[in-house]
Amino acid sequence: MSRRLLAILLPGLLVALCALVPLTEQSAGAVSDPPGPVTGNATYFDGLGTPYGGCGVPQANIDSQDFVALNVYNTPGDYTFYPRPLTGANLSKAGLWNNGLNCGRYVQVEVSDFCSGTNDGAQNQPFCRNGSWVADAYNGAKLTMLVADSCGDSNAWCRDDPYHLDLAKDSLNRFVKNGAAVGDMYPGHWNNRHLTWSFIPAPNYSGDIDIGFMQSAQVWWPAISVSHLANGIHGVEYFANGAWQTAQMNGDMGQSYIIGGTTSGGSQYQIRVRDVTDTLINGGRVYSFTLPSSCNPQCGTPYTKVGYTTSNGPTTTPTPTPTPTPTGGTGVSCGVNYQVANAWQGGFTTSVTVRNTGTAAWNNWTVTWTMPSGVTLTNAWSSTITSSGTTWTIKAPSWATSLAPGASATFGFQANGPSTPGPAGITCS
């Protein structure tokens, strides 16, 4: 039997709903992994919803077309809809979907017994009525599948059986036994049979994560999807205001998060990702990227993939370095706050704020400083930086060339070399 999911998502509405969900409740989760391989009833569905599956990634952009949905609820005999994500007292009703926290993980699935009776998932009715579970030639066939969707329907499968799996229909005949696909398990030998399954890390994983902006994403709603994961995803952190911030999950779409720019209203982003063990992936690797020009004023397609650069950052919130004291040039009065945001062996990133401390507008603001020998510029955001030996010149971006008295601007850069000491001989002009 087919159980088709409808996924009609309104990003603006989703973000409004997310704001009502306490972050500690949403991210904590309520369900532990099964202690070992478990057996449950199986159903199938035609494909992910439009534009996204339950995990927040379009079907065209997921890693495997062999995918499954997990139960949103574990409420035997109770077929009521409860608002998602589950919070407060409703956390006790969570199924293995776990408020999206099992998105992007893989499961090893093995075919088990066939039902010789009625197995229709009717409410308040037993599974496999008027029949029995019997082994047949398909027992033992296996397939590795990706968690990409959720089952929240009001039937016995999605509510009464905690280990129920809903499988992509096209995968049913791709299960492998004795080195070959079974070919004809569906439809004649299916009848929502039993499957045995367990979570596993991504098989033969290589490369790094993929990042894409979601439909309607923009500077003021930077919603991203994170995919190609080695071991699921339990959180995203973004760098803003000189510290790492915890991103809010986009509803219960476990691979989609609402992040923020490195500066308020900026289009430059830095994130790091936690896997299903709540560990920062790749030793705390930092992913730096920019909102594409095609997303101005907002992204018009379901998924806009972006490139990124990486750096290896610390796992703790950075601490500020001493604020240099600049000298004024041509009558300008200013202040500069220079902070090392992340540092690793051989490189670092910064967050720098310049402020007009004078009484007149500071037009075409420019800062010049001397960097220690051995420091070389890699890239910069929210400013234009040129270097000549150890002398660096930082100029205002084209969209913010003037600073009124008391106003400030923040920019950053990535560099190779030692992170300390900071710049010297700072001059504002």
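Colleague: Is Tyr287 buried or exposed?

Modeller: Buried means under 20% relative accessible area, exposed means over 50%, and partly exposed is in between (1.4 Å probe, protein chains only). Tyr287 has a relative accessible area of 0%, so Tyr287 is buried. Note that this is a predicted model: local features need pLDDT of at least 70, side-chain atom pairs count only at pLDDT 80 or more, and totals for chains, interfaces and linings use all residues. Residues are numbered from 1 along each chain as its sequence is written, and side-chain values use heavy atoms, with hydrogens and water left out.

Colleague: How many aromatic pairs are there in the whole structure?

Modeller: Rings of Phe, Tyr and Trp (its six-membered ring) pair if their centres lie within 6.5 Å; planes under 30 degrees apart count as stacked, over 60 as edge-to-face, and the rest as tilted. The search finds 17 aromatic pairs. One of them joins Tyr73 and Phe81, edge-to-face, at 6.4 Å centre to centre and 80° between the planes. Tyr73 is buried at 0% relative accessibility. Phe81 is exposed at 56%.

Colleague: What is the geometry of the pair Tyr287 and Tyr308?

Modeller: The ring centres of Tyr287 and Tyr308 are 5.1 Å apart and the planes stand at 90°, so this pair is edge-to-face. Strands (E, at least two residues) and helices (H or I, at least four) are DSSP runs, numbered from the N terminus. Tyr287 lies in strand E18 (residues 285-290), and Tyr308 lies in the loop between strand E19 (303-306) and strand E20 (309-312), so the pair ties together parts that are 21 residues apart in sequence. Tyr308 is partly exposed, at 25% relative accessibility.

Colleague: Which residues form an aromatic cluster?

Modeller: Tyr338, Trp362, Trp365, Trp369, Trp392, Phe411 and Phe413 form one.

Colleague: Where does a charge sit over a ring?

Modeller: The test is NZ of Lys or CZ of Arg within 6 Å of the ring centre and within 35 degrees of the ring normal. The charged end of Arg105 sits over the ring of Phe199, 3.9 Å from its centre. The charged end of Lys93 sits over the ring of Tyr82, 4.9 Å from its centre.

Colleague: Back to E18. What is the order of the strands in its sheet?

Modeller: Strands of a sheet pair through backbone hydrogen bonds, either parallel or antiparallel. Two strands count as paired if DSSP finds at least two bridges between them. Here 5 strands form an open sheet, E14-E13-E17-E18-E20, with antiparallel pairing. The edge strands are E14 (243-246) and E20, each pairing on one side only. E17 (residues 268-274) is joined to E18 by 4 bridges. Gln268 has Thr290 of E18 as its bridge partner. E18 and E20 also pair over 4 bridges, and Val286 stands opposite Ser311 in E20.

Colleague: Which residues touch the most other members of the largest nonpolar core?

Modeller: In soluble globular proteins, nonpolar side chains tend to be buried together. A nonpolar core is a set of buried Ala, Val, Leu, Ile, Met, Phe, Trp, Tyr and Cys residues joined through side-chain atoms within 4.5 Å. The largest has 33 residues, of which Leu70, Val107, Val109, Met145, Leu167, Phe175 and Trp197 touch the most other members. Another core lies apart from it, with 26 residues, among them Ile209, Val226, Ile233 and Ala240.
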